[in-house]
Amino acid sequence: MRMMPTWMPRPHRAKNPLIQTPPFLMTILVGLIQNTTLLLTLAVTYSLVIARLPRERYSTESLNGLLFGGVALVGMLMPVTLMPGLIFDGRTVILSLAGLFGGLPAAAIAALITGLYRLWLGGPGVVMGVGTIVTAATLGVLFHLAWRAGRFRIRPWSLILFNLAVHLLALAWIPLLPQEARAQVLSAIALPFLVVLPSVGVVLGLLLHALEQRADDAHRLRESQASRLAVERRFEKLTALLPGMLYQYQQWPDGRHCFPFASANIALLFGVTPAEAARDASAVFRRIKPDDIERVMASTARAAQSLSTWREVTQVRGGDGKLRWIEAESSPEPQSDGSLLWHGYARDISEQVRIESLLREREFFFRESQRAARIGSYKADFVADRWESSDVLDDIFGIDANYSRSVQGWIELVHPEDRERMTRYLHERVLGRGEAFNMEYRIIRPADGATRWVLGLGQTATDSQGQIVLLMGTIQDISDRKETESELNHMAHYDHLTGMPNRRLLNDRLIQAVAHARRTGRLLAVCYLDLDGFKPVNDHHGHAMGDQVLIRVANTLGEVLRSHDTIARLGGDEFVLLLTNLNHAEDCLGLLERVLAAMREPFELDGITHQLSASIGVTLCPPDRPDPDSLLRHADQAMYRAKEAGKNSFHLYDAEQDRALQQRLGLLKRLDEALLAEEFVLYYQPQVDLISREVIGCEALIRWRHPEQGLLAPAAFLSVMEGSELEIRLGDWVIEQALCQIERWNPLGLRFRVSVNIAARHLLHHDFAPRLRQRLDAHPQVDPEHLELEILETAALSDFDQARQVVAQCRAFGVHFALDDFGTGYSSLAYFRALPVDTLKIDQSFVRDMLSDHGDLEIVESVVKLSHAFRRKVIAEGVETLQHAALLTRIGCRLGQGYGIARPMPAAEIALWVEHWQAGRSEWIHSEEAIAAS
């Protein structure tokens with residue numbers, strides 16, 4: 001309860017009886033006991049909570065301040081009241097220890113808590129109370145900083161000084177009390193303030209410090225254990241990375257043995273885990289090869305007796321079952337229990353053993369190879385002018401003991417053509433610069449005059465003045481190698497059959513010829529020659545005869561061309577003629593005419609007469625690009641032009657044709673990309689019965705949805721594909737799309753035939769029929785009779801027998817065939833009758849003009865009568881008007897298609913058009929625009 005004092009005027013005020021009576025000392029004593037109890041509670045709480053928290057953290061110091069401040073506050077709730085508004089308690093001890101052990105944050109929080117409460121109590125002692133709080137907290141912080149800086153150590157005597165300083169300075173606030181109370185208060189509290197409270201502060205400080213040290217020791221122990229565990233883990237990781245294993249092996253006098261420590265690689269080397277080895281080492285020793293175990297145990301016993309380092313190499317069977325070589329080494333250390341502890345290392349040296357064995361084998365092989373390779377040694381003494389050689393070297397040089405053994409005698413063995421070069425090399429580079437001798441040169445053997453190639457190797461030696469006095473080394477007979485190199489060089493640059501230059505040598509000569517043409521301003525001609533009719537020679541007479549023919553052709557070319565011209569064979573029956581030093585383009589024409597004439601001449605081999613011809617492509621540089629690859633490619637292209645022109649001729653390369661070819665190749669590539677990008681789409685043009693208005697089918701017509709140019713008709717791109725692989729792939733795509741569309745139309749009741757145009761190359765492809773069968777099988781809901789393939793008359797005639805066979809195979813599946821654009825070709829009636837097609841399609845060029853051109857009308861009538869005679873259906877293309885339809889029905893052709901009936905349309909529009917057509921709502925189209933668009 002807050003007690004507000006009432007101060008009376010000093011003359012009439014009696015002394016405070018509470019201070020004068022002896023029982024007051026008992027009250028202070030009781031208060032001290034209460035505060036001591038609180039301080040002990042503080043110590044216990046500090047040990048249980050604060051001392052266990054990390055040091056030097058703001059959160060810990062703040063919690064410290066709350067603890068000290070709270071305990072001080074509790075003590076202030078039960079103080080010794082000296083007089084109204086003037087209390088006595090142990091807060092100075094608590095606040096000073098808060099600053100000493102908690103630092104500034106703890107002291108500030110504790111001082112704030114107690115200071116606010118003291119201000120709230122008020123009374124005449126409020127200023128002194130707040131002052132003692134600030135003094136105790138401030139001194140605690142100052143001594144805390146000195147302690148952390150190492151200038152103050154917590155000892156009993158230091159704590160005595162600290163507490164005396166705190167309480168002495170606290171007493172310095174007594175003058176702020178009312179004058180009449182100062183002496184009385186001082187006399188009442190001096191003894192507890194200067195003796196009891198400092199003593200309690202010393203005891204509590206020592207206790208808190210001991211608790212803190214104990215907590216620090218426990219923390220350091222935990223950190224030490226964690227550090228030791230981390231070190232052990234790092235050690236385990238490091239040992240696992242070693243190629244071998246680290247271990248400790250312990251032996252006891254009673255025969256027990258184990259591996260107290262073994263790194264993880266023991267499992268790989270011996271197939272035993274570290275835990276198993278730690279229990280008993282027998283499992284490890286059982287892995288040693290039986291033939292080695294006795295030797296290993298004996299060497300171990302010797303090392304144990306002499307306490308010397310033990311080393312062994314043995315074979316063990318590892319954890320993977322493989323037998324491997326292990327090298328182990330360890331040092332023994334006697335233990336107090338009589339055992340012997342070995343510290344060692346073991347590693348797998350299987351690869352090293354394998355390499356050493358291989359090296360020994362190679363060393364033996366190299367030694368024997370040197371003996372077989374005829375390598376001799378020599379020593380040239382330039383001071384004594386003495387040349388010494390081994391017996392093998394004498395045999396290589398073809399000399400005996402009587403031959404001159406001077407340095408000059410050695411040099412005189414060198415071939416005259418190499419002697420000057422070798423002598424200059426010896427004096428300038430070896431003797432002049434001290435370089436190693438390394439040179440290939442020829443010698444002439446005095447014994448038989450034979451020439452041999454040798455390789456000389458040597459090192460120089462100098463005297464004390466640094467002058468070169470000796471040359472020592474080996475000389476090897478490399479004649480066989482030189483001969484082989486010559487043969488290999490010939491094989492690498494010349495055709496093995498004809499002996500003519502091959503492509504590699506031709507390329508080198510082309511580069512030289514181009515450079516020569518640039519220097520001289522003359523022309524060169526690259527002529528690509530391919531034999532006409534050579535394949536039957538191989539087919540009818542065999543490849544051996546073909547080889548003889550090629551040799552004869554090569555010899556003939558060599559006789560016709562000039563000596564400085566090059567004839568190269570690229571392979572098969574292809575030759576390249578390189579004509580150089582031409583003043584004018586016409587200079588090569590006469591040469592080529594002679595070549596063609598020589599190729600046409602019949603010749604006889606083994607009783608068989610052969611007559612060939614040649615097609616030659618020619619390019620001139622300049623004007624063609626001076627690039628060997630381009631020249632050969634352009635000559636090759638020109639050769640194909642000569643083939644197409646009828647063979648037995650030559651054709652001069654035309655750059656404009658080449659550009660057109662490149663443009664076609666570029667468009668082909670773009671079309672291939674369009675197919676992959678699904679830019680193609682099928683439009684469908686209905687085919688109807690002109691009398692009954694029945695829709696009998698649709699013709700699938702391809703369009704290209706070009707991203708930039710819009711919808712393109714077939715004429716814009718199909719001709720580019722002719723003869724290419726893309727033509728076949730696009731045809732397969734059209735068939736697949738048509739079959740898928742038939743599947744989609746069937747549920748809608750649109751059950752009629754879909755016609756697909758097939759190119760000649762596609763139809764005559766070797767696997768056309770089997771692939772069509774596979775596609776039909778992949779669409780079981782499609783009736784094969786609903787698919788009709790339209791082929792051109794010219795396609796059927798290009799290989800009539802194969803076309804008839806393919807058509808028959810496909811008709812066996814149920815597929816129908818139509819002969820498109822009939823009347824534009826030149827097929828005979830015999831061909832037409834034998835070709836198993838179901839329908840004839842009259843070309844639109846005849847139908848469109850038959851109203852005005854009597855000749856076209858007669859052609860249409862003839863085709864209709866012909867189809868009736870051979871029992872074939874006939875359908876007219878190009879029906880543009882109602883008049884066309886009327887005239888066609890009158891002459892017997894009731895099936896038609898054309899812009900007058902319907903334009904080609906997307907598949908999605910077919911159903912609606914059929915509905916309108918069959919209902920009679922579709923009008924005949926008749927416009928100049930429609931006719932022109934066809």
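1. Let's start with helix H24, residues 725-745. The model is a predicted one, where local features need pLDDT of at least 70, side-chain atom pairs count only at pLDDT 80 or more, and totals for chains, interfaces and linings use all residues. Residues are numbered from 1 along each chain as its sequence is written, and side-chain values use heavy atoms, with hydrogens and water left out. H24 has 21 residues and reaches 31 Å from its first C-alpha to its last, close to the 30 Å expected at 1.5 Å a residue (the expected span is 1.5 Å times one less than the number of residues). Helices (H or I, at least four residues) and strands (E, at least two) are DSSP runs, numbered from the N terminus. Because 15 of its 21 residues are buried, H24 is largely enclosed by the rest of the structure; buried means under 20% relative accessible area, exposed over 50%, and partly exposed in between, with a 1.4 Å probe and protein chains only.

2. Next, have a look at the open sheet of 5 strands in the order S9-S8-S12-S11-S10, with antiparallel pairing (two strands pair if DSSP finds at least two bridges between them). Strands S9 (386-389) and S10 (437-444) are at the edges, each pairing on one side only. From one strand to the next, the twist averages 25°. Axes are lines fitted to C-alpha atoms, for helices over the stretch in contact, and angles run from 0 to 180 degrees between N-to-C directions.

3. Within that sheet, S8 (residues 375-381) and S12 (residues 468-477) run antiparallel and are joined by 7 bridges. Gly376 stands opposite Ile475 in S12. Helix H15 (residues 416-431) packs on the sheet, touching S10, S11 (451-462) and S12, and its direction makes about 155° with that of S10; contact means heavy atoms within 4.5 Å. Helix H16 (residues 479-493) lies across S10, S11 and S12, at about 120° to S11.

4. Another open sheet has 5 strands in the order S14-S15-S13-S18-S19, with mixed pairing. S14 (566-571) and S19 (649-652) stand at the edges with a single partner strand each, so one side of each is left without a neighbour in the sheet. Neighbouring strands here are turned by 20° against each other on average, direction ignored. S14 and S15 (residues 574-582) pair in the antiparallel sense over 5 bridges, and Ile567 stands opposite Leu577 in S15.

5. On a 1 Å grid over the protein atoms alone, a cavity is a set of points where a 1.4 Å probe fits but cannot get out, and a pocket is an open set with protein on both sides within 12 Å along at least five of seven lines; lining residues have an atom within 4 Å of a point. Grid points are joined across faces, edges and corners, and a volume is the space filled by probe spheres set on the points. The largest cavity holds about 270 Å³, and S5 (310-317) gives the most to its lining, with 4 residues.

6. The largest pocket holds about 1200 Å³. Of its 41 lining residues, the closest to its centre are Glu699, Leu701, Pro714, Leu718 and Asn757. Asn757 lies in strand S23 (residues 753-758) and counts as partly exposed at 32% relative accessibility. Not counting residues up to four places away in sequence, Asn757 touches Glu699, Ala700, Leu701, Glu790 and Asp820.
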